[in-house]
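Reader: Could you pick one part of this model and take me through it closely? I'd enjoy one connected account of it.

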Amino acid sequence: MATLFTYMLSVWMLYLLIQRIIQHHNFYRIQTLLITAGLFFSVFGTILPLLDIRIFPQYASTPFTGAIGNLIMFWGFFRFRIFEITPIGRDKVFEAMVEPVVILDNKNMIVDANTSMLALLGKKFR
């Protein structure tokens, strides 16, 4: 029963992360994608032995896929500083702003725009 609950919780987390990735203007898409890939790799690796699929003969694939998945998530968490409070507060404040705001990168390419700017441009947002 605990295993089923763990798989259901993992699938729910993957669903929430994928939902976050496909948002039309997400400034933290790369971080979320890395965390999702790491979680998927770890969960998928636990299913391989159940299907009697081995990556290496005579070795279980779960420790290998778990380690790789954790390294990917570690990179997503720490390399992009996702534990800082800035991303959480930024999303709430940025989307609540009434003024239209656009964020540009060093090459003057649009990186992000809040919902007010999208409405001003006549773009549909989800």
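Author: I53 counts as partly exposed because its relative accessibility is 41%, where buried means under 20% relative accessible area, exposed over 50% and partly exposed in between (1.4 Å probe, protein chains only). Bear in mind that this is a predicted model, in which local features need pLDDT of at least 70, side-chain atom pairs count only at pLDDT 80 or more, and totals for chains, interfaces and linings use all residues. Residues are numbered from 1 along each chain as its sequence is written, and side-chain values use heavy atoms, leaving out hydrogens and water.

I53 sits in the loop between α2 and α3; helices here are DSSP runs of H or I with at least four residues, strands are runs of E with at least two, and both are numbered from the N terminus. Together with I47, L50 and L51, I53 makes a nonpolar surface patch of about 380 Å². Areas come from the Shrake-Rupley method with a 1.4 Å probe, and for residues only the protein chains shown count as cover.

Now for α2 itself: residues 29-47 form this helix of 19 residues, with 27 Å between its first and last C-alpha, close to the 27 Å expected at 1.5 Å a residue; the expected span is 1.5 Å times one less than the number of residues. Its buried residues include L34, I35, L39 and V43, and the buried residues of α2 pack against α1 (2-21) and α3 (62-79), with contact meaning heavy atoms within 4.5 Å.

Technical notes:
Patches are made of residues with over 30% relative accessible area and no salt bridge: like charges are joined within 9 Å, nonpolar side chains (Val, Leu, Ile, Met, Phe, Trp, Tyr) within 5 Å. A salt bridge is a side-chain nitrogen of Lys or Arg within 4 Å of a carboxyl oxygen of Asp or Glu.
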